Amino acid sequence: MRSSNRRPITAALLALFLAACGGGGGGGGATGPLPSVDTSAVAAADPGTTLDADWRKGPFAEIFVRAYQDSNGDGIGDLQGLISRLDYLRDLGVTGIWLMPITRSQDGDHGYAVSDYRAVEPAYGTMGDLDALVSAAHARGIGVVVDYVMNHSAALHPAFANANSGSSNAFRDWYVFSASRPQGWSIYGGDPWRNGREGFYFAPFWDQMPDFNLKNTAVVNWHHDNLRFWLNRGIDGFRFDAVGNLVENGPAAWENQAENFTLMGNVRQMVNGSYANRFLVCEGPSAPLPFAPACGSAFAFGHQYRLVSAAQGDAAAIRDVAEYFDTAPASMSTMLSNHDGFAGQRAMDQFNGNENQYRLAAATYLLQPGTPFIYYGEEIGMRGAASLTGDPKLRTPMSWTGDTSRAGFTTGTPFRALSANVAACNVQTQAAQANSLLNWYKAIIAVRQAHPALRRGNHVGATAAGTTLSFQREDGNQRAVVMINYGTGNALINASGLPANGVLTNAFPPSGGNVDIDSGGSASVSVPGQSVRVFVTDL
């Protein structure tokens, strides 16, 4: 999370915020009784799981519930709407879904300004709806991971309302305050210190999202209780937002501090020590590799740009893609793009409509090591909204049909403009086309899921030569060989280190043939331009 994409505050929200701030920054007393803060302890009580252990290998779908499917005609996606689309997600081949924040929020949009860590956003439904979603997803072999924001809360959170009421409040040390404005700070181009009551509070993303003081063990313990609250209900894990920003030690030491890794390592230890078969992944854009062992998994920021450039035929990027997993752990979570603009525009916009290149990029990250995350609508080539800019452009309603007014997303008025290519790139149209992008995704995912070496195999090695890539993965006695030609003409691609005199059995495409391995353990395959070959062999 790099920007707040803040939403204009309504008069009602402004009144609540002013009350929380005691009438605004500066002196004066509180205008009314302060809200109570739920600090009740939550003991671990693992409800168990019916999910196979391999569910954590993915692929996952990243879903913005507000934009996925509306069930009641109010123009806003909700949990019941998502439940109605679980069969689609199962048929796509995903084994997990990551939901952007579903907790009650102040922003009324993306959800990262959390105002209640133990309640469902009312626009999305009820706690009963969430329980029904988890149950229905599990019945289809799909795990449910939710966003958790440890770094900051909403300004309207009761804890901050108390903390900002005065320097003597018991919750003051739950947030980062200073009696005078600290000098020399600049984060994301702005001063992170905001006017509060009897001092200044630290809020780099938005003045409505104050940072917690995570050097306070009471705050950390409270977050652990919140996590257990959701895990006890059957939630299968978390995506942790902005973990690089958890602790600040000065104007030149505000990101990726040593304490951040310790905090996340302790979270991982708490979860894995009390709950079985859970999945944790962190967003640490400027330090993805160090956060992977601390969290269990971390998004492979930077790799997504190389995937796109490689698919466009950039030889240097192809080499980078080949070498990535030589040093990156196989636990990395990969992607082409996500809900944040700093990670790139929607893939179809990055490829400017070039679907051949798009398919190659998808095949690369879906077949490489790591846990792949498909941003909702990516599988049908959704573009951003033509009339929007910034992050909202990337977070448009899902294109279920070609209806340019509602897209099959709602019977009412969509909360936001639709994708620019909704008429042509939608589920209804592509499901009926055998060679559509949607069916390409299904086919590549099916190949991944059918072969243990591709689903969970180790990285054996990769070779880049010009505009071609070959890589191998291994699980037990199975070796998978993937060959990708990003160029436009035929290319001979070699693979070595294979069992001598064996056979590479074709796995993709269905029309492909088997290939003999020579006595030296090598095989050469003529691969047409902009195409993919996948083989498996026994060791």
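Residues are numbered from 1 along each chain as its sequence is written, and side-chain values use heavy atoms, with hydrogens and water left out. Because the model is predicted, local features need pLDDT of at least 70 and side-chain atom pairs count only at pLDDT 80 or more, while totals for chains, interfaces and linings use all residues.

**Stop 1: the disulfide.** Select cysteine 282 and cysteine 295. Their sulfur atoms lie 2.1 Å apart and form a disulfide (a pair of cysteine sulfur atoms within 2.5 Å). A search of the whole structure finds 1 disulfide. Cysteine 282 sits in strand E10 (residues 279-282) and cysteine 295 in helix H9 (residues 288-295), 13 residues apart. Helices (H or I, at least four residues) and strands (E, at least two) are DSSP runs, numbered from the N terminus. Now check the S-S torsion: it is about -95°, so the disulfide is left-handed.

**Stop 2: burial.** Cysteine 282 has 0% relative accessibility, so it counts as buried (under 20% relative accessible area, 1.4 Å probe, protein chains only). Cysteine 295 is buried at 2%. Jump to cysteine 425: buried too, at 13%.

**Stop 3: the cores.** Select Leu89 and Phe240. They have the most contacts inside the largest nonpolar core, which has 150 residues. Such a core joins buried Ala, Val, Leu, Ile, Met, Phe, Trp, Tyr and Cys residues through side-chain atoms within 4.5 Å. Helix H13 (residues 355-367) gives the most to this core, with 8 residues. Apart from this core lies another, of 12 residues, including Met483 and Phe535.

**Stop 4: around phenylalanine 240.** Leaving out residues up to four places away in sequence, phenylalanine 240 touches residues including Tyr148, Leu227, Met264 and Cys282 (contact: heavy atoms within 4.5 Å).

Definitions and conventions: Buried means under 20% relative accessible area, exposed over 50%, partly exposed in between (1.4 Å probe, protein chains only).
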